[in-house]
Amino acid sequence: MSRGVQVVILCGGKGTRMGENLTIPKPMVRIGDKPVLWHIMKIYSHYGFDDFILCLGYRGEKIREYFQGKKDWNITFAETGLDTNTGGRIKKIQRYIRGETFFATYGDGLSDINLIDLLKYHKRQKKVATLTVVKPPSPFGEVELGSNNLVADFKEKPILDHWINGGFFVFSKDIFEYVKETDVLEKDVFHQLVKGGNLVAYKHGGFWECMDTYKDNLQLNEMWRLNRAKWAVWQD
């Protein structure tokens, strides 16, 4: 049963870091036999959020062809332009938003985040926007040194001690007062929200991974193959 809160997913990027020969939208790159976008939608659907607005851009017809007619989900395919920035894509879907609050996320991030808790947190805070923050693993191993520069220990890709944007957002419809069609969400819009004290952080300490590069895709596929896909909350 749908909980009524819509989910906006930014699907328009070209995925240039995935490799020069990528001829499909980045959200259509597969983990197992399904696009990463399907995995993201399954996370939301697991918590009862199955009303999606997909912000299409580069090769958007590929996304439309794959998801057209998926009866379990209500999907709006919104053409938001080939080179539109992230803020602009949000602005372009304003007419599709029906309620006071909606989710938004990128088309390449996976997590075991509890979306019910995230939504409740947003409503308690009474701010325009809630940003999920996470502590990512270091891309490199760490070497600990002792006295006289003797190597004391190795740590394999430790968790970093700072928060970053984890990409799972909740917005009130007032967000549209802060965004223009030329804006970058993370730069222009969020900075305006910060100035007005209207952006709050939700700390997520569980699993999070962004499929930013081809190497990330290989890693996520290996986790899926070994049944270690912590983001697959629908399998619990």
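Residues are numbered from 1 along each chain as its sequence is written, and side-chain values rest on heavy atoms, with hydrogens and water left out. Because the model is predicted, local features need pLDDT of at least 70 and side-chain atom pairs count only at pLDDT 80 or more, whereas totals for chains, interfaces and linings use all residues.

**Aromatic rings**

A search of the whole structure finds 16 aromatic pairs, where rings of Phe, Tyr and Trp (its six-membered ring) pair if their centres lie within 6.5 Å, and planes under 30 degrees apart count as stacked, over 60 as edge-to-face and the rest as tilted. One of these pairs, Phe102 with Phe176, is stacked, at 5.7 Å centre to centre and with 15° between the planes. The pair links distant parts of the chain, since Phe102 belongs to strand E6 (residues 101–106) and Phe176 to the loop between strand E11 (164–172) and helix H5 (185–195), 74 residues apart; helices (H or I, at least four residues) and strands (E, at least two) are DSSP runs numbered from the N terminus.

Phe102 is buried, with a relative accessible area of 0%, and Phe176 is buried as well, at 7%; buried means under 20% relative accessible area, exposed over 50%, and partly exposed in between (1.4 Å probe, protein chains only). Both rings belong to one aromatic cluster, which also holds Tyr106, Phe169, Phe171 and Phe190.

| Lysine | Ring | Distance from ring centre |
|---|---|---|
| Lys34 | Trp38 | 5.2 Å |
| Lys70 | Tyr66 | 4.7 Å |

Tyr96 is placed in the loop between helix H3 (86–92) and E6, and is partly exposed, with a relative accessible area of 22%. Leaving aside neighbours within four places in sequence, Tyr96 is in contact (heavy atoms within 4.5 Å) with Gln6, Ile53, Thr76 and Ala78.

Technical notes. Lys NZ or Arg CZ within 6 Å of the ring centre and 35° of its normal.
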